[in-house]
Amino acid sequence: MAKLDFGGVKEDVITREEFTLKQAQKTLKGEIVATLGYGIQGRAQSLNMRDNGIKVIIGQENSGVHKAYYDLAVQDGWVPGETLFSMEEAAWRGTIKQFLLTDAGQRETWPLVKAALKEGDALYFSHGFSIVYGKITGVVPPKNIDVILVAPKGSGTSVRRNFVAGSGINSSFAVYQDYTGKAMDRVKAMGIAIGSGYLFPTTFEKEVYSDLTGERGVLMGALAGIMEAQYNCLREHGHSPSEAFNETVEELTQSLIRLVAENGMDWMYANCSATAQRGALDWKDVFRDAVAPVFDRLYASVASGEETRIVIEANSKPDYKERLEAELKQIRESEMWRAGKTVRSLRPENWRKS
């Protein structure tokens with residue numbers, strides 16, 4: 001592993017130069033990777049592996065709510081009876097079983113997948129949820145297999161888009177159980193094969209705790225909540241929907257966050273107006289101190305398993321999809337995001353479409 005300095009802390013990282021695609025192909029030469037579930041991650045990872053010359057088959061049901069995913073797999077060139085099978089048959093055929101269903105879906109289909117695990121197989125996850133909270137999910141793997149994880153730090157859309165563009169996405173990796181003695185080689189090979197730019201080590205537990213905290217925090221929950229709070233504040237003080245949205249969302253997503261991504265927050269601060277610079281520096285600590293207790297509470301809820309209980313309980317209800325759509329509709333039809341739809345249509349790249 002290469003040693004890199006992350007803010008003064010030396011960490012081990014695996015790069016594509018150190019563990020090449022050729023090495024990954026050699027490691028996986030005798031394997032059949034069965035991607036179980038053709039959702040966002042399943043589709044992206046399997047397509048990337050296929051393009052990288054890895055032997056991949058898909059396990060996806062062809063009925064009810066699953067049919068759309070099956071049809072998409074066929075559309076993507078997976079051939080029924082050759083590279084596209086039912087979940088059960090693909091699980092039996094594969095030597096590395098990519099368990100890429102939703103957390104609730106993994107809990108539901110675990111008996112089927114467990115029955116198909118043969119000695120020496122590898123059970124692969126992109127999220128440690130089911131394993132770490134095994135007492136709640138019931139997903140407890142047998143001792144005679146490898147259990148590994150590669151978790152891309154982005155959605156499946158980004159995993160595929162970055163790969164097609166010739167770059168990659170960073171991923172964390174972990175070995176939970178090494179029965180064969182080759183689990184580390186398997187996980188590194190899988191990480192490179194799915195298109196990771198580089199891999200950094202973690203544990204199943206740390207991946208889950210950081211992931212659940214991040215999703216509920218900065219990445220999605222906190223970001224959406226802070227946007228709503230600022231938008232509402234501006235509207236209450238007489239600002240128009242377009243002005244409130246532009247100052248809350250559009251400038252962030254179309255300008256500032258790109259500068260942060262390219263060179264860091266300090267560089268973005270140094271390349272904005274003196275007024276914005278001074279105000280941001282003065283208020284940064286105020287916001288940090290205000291939300292710190294919320295993050296402490298959030299992390300404790302994740303670590304205790306309470307967030308897991310809430311997720312499984314909600315996802316297991318028969319009317320979950322209807323409830324979810326109602327919640328998403330509330331966001332979609334709010335004034336803020338309806339204003340956003342109009343603002344996005346006015347972006348230069350959308351002029352011709354208009």
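Because the model is predicted, local features are reported at pLDDT of at least 70 and side-chain atom pairs at pLDDT 80 or more, whereas totals for chains, interfaces and linings use all residues. Residues are numbered from 1 along each chain as its sequence is written, and side-chain values use heavy atoms, with hydrogens and water left out.

Rings of Phe, Tyr and Trp (its six-membered ring) are taken to pair if their centres lie within 6.5 Å, with planes under 30 degrees apart called stacked, over 60 edge-to-face, and the rest tilted. Under that rule the model contains 8 aromatic pairs. In one of them, the ring centres of Tyr209 and Tyr299 are 5.8 Å apart and the planes stand at 85 degrees, so the pair is edge-to-face. Because Tyr209 belongs to helix H10 (residues 204–216) and Tyr299 to helix H14 (residues 274–304), this pair ties together parts that are 90 residues apart in sequence. Helices here are DSSP runs (H or I, at least four residues), numbered from the N terminus.

Tyr209, at 13% relative accessibility, counts as buried, while Tyr299, at 41%, counts as partly exposed. Another pair joins Trp283 and Phe287, whose ring centres are 6.3 Å apart with planes at 50 degrees, so the pair is tilted. Both of these residues lie in helix H14, 4 residues apart, which is about one turn of the helix. Trp283 has 53% relative accessibility and counts as exposed, and Phe287, at 52%, counts as exposed too. Elsewhere, ring pairs link Phe99, Trp110, Phe125, Tyr176 and Phe204 into a cluster.

A charged side chain also meets an aromatic ring: Arg50 lies over the face of Trp78, at 4.3 Å from the ring centre. The criterion for such a contact is that NZ of Lys or CZ of Arg is within 6 Å of the ring centre and within 35 degrees of the ring normal. As for the cysteines, the model has 0 disulfides, a disulfide being a pair of cysteine sulfur atoms within 2.5 Å. Cys233 is partly exposed at 38% relative accessible area, and Cys272 is likewise partly exposed at 26%.

A pocket, on a 1 Å grid over the protein atoms alone, is an open set of points where a 1.4 Å probe fits, with protein on both sides within 12 Å along at least five of seven lines, and its lining residues have an atom within 4 Å of a point. Of the 35 residues lining the second largest pocket, Ile226, Gln230, Leu252, Tyr269 and Phe287 are the closest to its centre. Helices H11 (221–236), H12 (241–263), H13 (265–270) and H14 each supply at least two residues of this lining, and H14 gives the most, with 11 residues. Also in helix H14 is Leu281, which is partly exposed at 35% relative accessibility. Leu281 and Tyr269 are 12 residues apart in sequence and 8.4 Å apart in space, C-alpha to C-alpha.

Technical notes: Buried < 20%, exposed > 50% of the residue type's maximum accessible area, 1.4 Å probe, protein only.
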